[in-house]
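Please take a moment to look over the sequence and the model before reading on.

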Amino acid sequence: MTSRQYDPRDPFSPHRGAPGTPSRLPRAAHVTLAGADWLASASRFPRSVHALWIDCPANPVVLPCGVAFDVVSAPDLFGRRVLDRLWEKGPGSGPVAAQRGRLQLFAAPGTAQRLPALLGWEEWARAMPPLLCHGTGDTVTVPPLYPSGPEEPVPPVSRWVVAPEVRHPWLPDAEALLWACVRVARTAAGPYPAELPARAGRRTAGLSPEAAPEPAL
């Protein structure tokens, strides 16, 4: 069987690693300077974001979505299974953050609008936990640039799982995330699942109800 090269247009092609070998999840310890530039580019005032990081490097920062990235937030366990699936069998992932019991997958702009529409047609969406999609008009809190110090809780409340390392990172789109979510849901249900559970409600595009919006820089 011929090994396939990575094609950014194909959500099933390997994103990293040698052709034919499984991709491995990177474990970047901190955001690089180029990664910080990318995060700051989401703001209308990137210099202000950098200034805030210089003054308070250990503080999280609120950034707007819809320009440099969208964010799909999933409960921690389901999100980690999706992330593993993306790296083991799929195209890989962009930056990923852990935030108060949820995993934030940074995605291509427009994903927050398209993914809920795709889930609306997907039968296996009923077997998934609620996914929160943050897009244009929404903000998200991103972790500090560097790992927490010894005085922080373990694990810290807000941290990078896959930290931004380059100025223009590759980001999964709605189709790639749908592919991974469906396969995780199918695997969790087993080979002969019972009747799928009824929908608990619509997927929400925006901030979670418990998180009050904060002004973005």
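Which residues of α1 are buried? In this predicted model, the buried residues of α1 are Gly-35, Ala-36, Trp-38, Leu-39 and Ala-40, and the elements against which these residues pack are α2, β1 (61-64), β4 (102-107) and β7 (158-162).

Ser-43 has a relative accessibility of 7%, and because the cut-off for a buried residue is under 20%, Ser-43 counts as buried. A polar atom of the side chain of Ser-43 lies 2.9 Å from the backbone nitrogen of Phe-45.

Another helix, α4, spans residues 111-120, and its buried residues are Thr-111, Ala-112, Leu-115, Pro-116, Leu-118 and Leu-119. Viewed down the axis of α4, these buried residues fall within an arc of 160°, so they line one face of the helix.

One cavity of 30 Å³ or more is counted, and the largest cavity holds about 30 Å³ of space. The residues that line the largest cavity are Val-72, Ala-74, Val-82, Leu-105, Leu-131, Leu-177 and Cys-181, and within this lining β2 (70-75) and α5 (174-189) each supply at least two residues.

These local views can now be set within the chain as a whole. The protein chain has five helices and eight strands, which follow one another along the sequence in the pattern α-α-β-β-α-β-β-α-β-β-β-α-β. Of the 217 residues in the protein chain, 45% count as buried, while the accessible surface comes to about 11900 Å², with 56% of that surface belonging to carbon and sulfur atoms. Among the contacts in the protein chain with a separation of 6 or more, 81% are accounted for by residues 24 or more positions apart.

Key. Residues numbered from 1 in each chain as written. Predicted model: local features only at pLDDT ≥ 70, side-chain atom pairs only at ≥ 80, totals over all residues. Heavy atoms only, no water. Buried < 20%, exposed > 50% of the residue type's maximum accessible area, 1.4 Å probe, protein only. Helix = DSSP H or I, 4+ residues; strand = E, 2+ residues; numbered from the N terminus. Arc of directions from axis to C-beta. Contact = heavy atoms within 4.5 Å. Areas by Shrake-Rupley, 256 points an atom, 1.4 Å probe, with all protein chains shown as cover. Polar contact = N/O pair within 3.5 Å; in protein donor to acceptor, adjacent residues only side chain to side chain. 1 Å grid on protein atoms, 1.4 Å probe; cavity = no way out; pocket = protein on both sides within 12 Å on 5 of 7 lines; lining within 4 Å. Points joined across faces, edges and corners; volume = space filled by probe spheres on them.
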